[in-house]
Amino acid sequence: MENENLEIIKNNKRCKDFYLEITHEDKETHARVGLLHTPHGVFETPMFMPVGTLATVKTLSPEELYDMGAQVILANTYHLHLRPGEDIVAKAGGVHKFMNYKNAMLTDSGGFQVFSLAKKRDIKEEGVTFKSHLNGDKIFFSPEIVIGIEEKIGADIIMSFDECIPYPSSYEYVKNSTLRTIRWAKRGLDAKTRTDQALFGIVQGGEFEDLREMCAKELVKMDFDGYSIGGTSIGEPKDVCYKMIDYAIKYLPYDKPRYLMGVGSLDYILGAIEKGVDMMDCVLPTRIARHGTLMTHNGRINIKNTKYKEDFTPLDPECNCYTCRNYTRAYLRHLYVADETFGKRLLSLHNTAFLLEITKGAREAIKENRFKEYKEEVLRKYGDARGF
RNA sequence: GGAGGGGUAGCGAAGAGGCUAAACGCGGUUGACUGUAAAUCAAUUCCUUCGGGUUCGGCAGUUCGAAUCUGCCCCCCUCCA
């Protein structure tokens, strides 16, 4: 094993402090556990990464994230570029120092905003022109500009600029977009100057097997530090999402990290881990928490429901997070109904801790070759056909 | 005692003869949220066995038709004595 690791380090030409150490693979599935070494520490995989778009995981402090076992978080290039601007972040000494977060960080490139801000942008070969959602300013993002911004922000892992393709889209559209994303990936790679950041390529290709394959193969040829699967969990049926993962993952190198973007429901997380995914991120736990929905070992609950008014039990009796150790559903409901900030904090904390706990359990199960059992038991108890 | 203003659904508040079971806001209830334009958004909120039934302080009228017009009564507020 050690010799293999050395080989991986030697072969990595891009980021000198970055490599995946796979420590065990589940006997029955493709699930695997490992240690991802980054310039800001090592984190265990598979790992769920909370999203901190604006250099903050909404309502949570870095200490709280650390305590719940979040070993890596995201930030967003588009949003930080608009506010406060990457130069400010660079002046602060990089995003870690800026936000006082000591563990690994990853920046998304703005590729998702090409999708989510579709009404405010125009895609051309050279890049994407956004109309700022804040003040209407014209913002131009090319693959080279994006890498430049990400280098100033200074996360450990940076993402190539891509287009997150809407679903459904025609074969023709997906093909053209995917080919462009591949060209953009190359341009970003060529523009990269720092050697203390890992750069990931993003596999697009929509629901089409040949396009996913083509994209994965082309990106692998470029030898990125890791690969992600994009364009998923944007409203497509569940089986389509799993297919998109299958179509891409088999062409990704075994020894490089695989990152499924934007996935945060329990069944997707466990389903992805089963297929050999190492990292995933999602706003779901924090967003739905702020809106009163909580994930528990026994299913989703909506804390604003009247039935919790006099429920003096913990949110999730099987959860050991700060919220569940110290507060009752009745109190959490009260805080939510009264629109108290502390409520949103406690709920965000729980949901995030819950997903981290589930992935931690997954890692332990993989080490003991009982991942499938673990997954089925967790989902059975969760018992929600929608997978939330 | 005199002058004026007002009583509309849980609350606030529009409406001044038919298009009104009654705008809008709050409150209530339920739901959605997946690389965060999201502390946001949507539905619902008189009763109902879904046929219909009962509403705009009360009662009595005018009218084909009244929350809206008339009379009387009951409450509330402001100002003057």
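Me: Is Val277 buried or exposed?
Reply: Buried. This is a predicted model, and in it Val277 has 1% relative accessibility. The cut-off for buried is under 20%.

Me: Where does Val277 sit?
Reply: In the loop between α11 and β14 (279-282).

Me: What is Val277 in contact with, leaving aside neighbours within four places in sequence?
Reply: Pro46, Ile245, Ile249, Arg258, Leu260 and Ala272. Ile245 and Ile249 are themselves buried residues of α10.

Me: How far is the C-alpha of Val277 from that of Arg32?
Reply: 8.0 Å. Along the chain, the two residues are 245 apart.

Me: Back to α10. Which of its residues are buried?
Reply: Val240, Cys241, Tyr242, Met244, Ile245, Tyr247, Ala248 and Ile249.

Me: And what covers them?
Reply: The cover includes β11, α9, β12 (226-229), β13 (258-260) and α11 (266-274).

Me: What span does α10 reach, first C-alpha to last?
Reply: 17 Å for 12 residues, 238-249. That is close to the 16 Å expected at 1.5 Å a residue.

Me: New topic, α8. How far apart are its end C-alpha atoms?
Reply: 30 Å. Helix α8 has 21 residues, 171-191, so at 1.5 Å a residue it should span 30 Å, which agrees.

Me: At what angle do α8 and α9 pack?
Reply: About 5 degrees, with the axes 10 Å apart. Angles under 35 degrees count as roughly parallel, so α8 and α9 are roughly parallel to each other.

Me: Which residues make that contact?
Reply: From α8, they include Tyr171, Val174, Thr178, Leu179, Ile182 and Leu189. From α9, they include Leu211, Met214, Cys215, Leu219 and Met222.

Me: How many are nonpolar, polar and charged?
Reply: The α8 contact with α9 has 11 nonpolar, one polar and four charged residues.

Me: Cys282, buried or exposed?
Reply: Buried, because its relative accessibility is 10%.

Me: What about the relative accessibility of Cys164?
Reply: 6%, so Cys164 counts as buried.

Note on methods
Residues numbered from 1 in each chain as written. Chains lettered and ligands numbered in written order. Predicted model: local features only at pLDDT ≥ 70, side-chain atom pairs only at ≥ 80, totals over all residues. Heavy atoms only, no water. Buried < 20%, exposed > 50% of the residue type's maximum accessible area, 1.4 Å probe, protein only. Helix = DSSP H or I, 4+ residues; strand = E, 2+ residues; numbered from the N terminus. Expected span 1.5 Å × (residues − 1). Axes fitted to C-alpha atoms, helices over the stretch in contact; angles between N-to-C directions. Parallel < 35°, antiparallel > 145°, perpendicular 65-115°, else oblique. Contact = heavy atoms within 4.5 Å. Nonpolar A, V, L, I, M, F, W, Y, C, P; charged D, E, K, R; others polar.
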